[in-house]
Amino acid sequence: MAFTLPTLGYGYDALSRSISQDIMQLHHSKHHQAYVDKLNTALEGNGRADDSLTDLLGKLEDLPEDIRTAVRNNGGGHYNHSLFWQWMSPSGGGEPTGDLSAALGEKYGDFQSFVDEFSAQATGLFGSGWVWLQPDLSLLALPNQDNPLMQGLDAPLLGLDVWEHAYYLDYKNVRADYIKAWWDVVDWQAVAERYQHAS
Ligand SMILES: [Fe+2]
């Protein structure tokens, strides 16, 4: 069965205090759609069209060599963006509560120190990529559309897209301003649910 573009749980203008309607619309309906389309094209006729996305990404080495890079880039793009939309909410921002809050405090000292460390990795990532928060609360900065599944690791709790397509229209080349604004729409409830599920 072909992969499809997921519907957003909010309107394109819902996160505009941090990310404009123009970026959200382009990012979802053009960039994410292109990953979905190219992934489907790569898998056509390879007998792998019924594999789940997580299976495909966790075992890239099992794929025929001629489609491996296309699945890595576009399957990664589809997986990463599908989660990214869920990690943001018009009612997002603030700080996590409960177990996740306590665990972040234990690992990083306090919530702000976690934000600072994550933001530093996101700002410092060379070129295009993502920064990931893992269930053990470690951070991972990976290039392009690579994600923890491709490293044989657990699914991430949270991730930030630092490709220029995610911010250039709003923030030009100042990635740090985008990152700072992004915290204001992070859906900590969604992240906490993933943390509970992973624990
Ligand atoms: Fe993106």
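Which residues do ring pairs link into a cluster? The points below cover this and the iron site.

1. Basis. The model is predicted, with local features needing pLDDT of at least 70 and side-chain atom pairs counting only at pLDDT 80 or more, while totals for chains, interfaces and linings use all residues. Residues are numbered from 1 along each chain as its sequence is written, and side-chain values use heavy atoms, leaving out hydrogens and water.

2. Ring cluster. Ring pairs join Phe-84, Trp-85, Trp-87, Tyr-108, Phe-111, Phe-114, Phe-118, Trp-130, Trp-132, Trp-182, Trp-183 and Trp-188 into a cluster. Rings of Phe, Tyr and Trp (its six-membered ring) pair if their centres lie within 6.5 Å; planes under 30 degrees apart are stacked, over 60 edge-to-face, and the rest tilted. By this rule there are 17 aromatic pairs.

3. Phe-114 and Trp-188. This aromatic pair is edge-to-face, at 6.3 Å centre to centre and 70 degrees between the planes. Phe-114 in helix α5 (residues 111-124) and Trp-188 in helix α8 (residues 188-198) are 74 residues apart; helices are DSSP runs of H or I, at least four residues, and strands runs of E, at least two, numbered from the N terminus. Phe-114 is buried at 0% relative accessible area, as is Trp-188 at 5% (buried: under 20%; exposed: over 50%; partly exposed: in between; 1.4 Å probe, protein chains only).

4. Iron site. His-27 (NE2), His-81 (NE2), Asp-161 (OD) and His-165 (NE2) are the protein donors of the iron ion, 1.9 to 2.1 Å from it. Donors are N, O and S atoms within 2.8 Å of the metal (3.2 Å for Na, K and Ca); water is not among the atoms, so sites may look incomplete. His-27 and Asp-161 are both buried.
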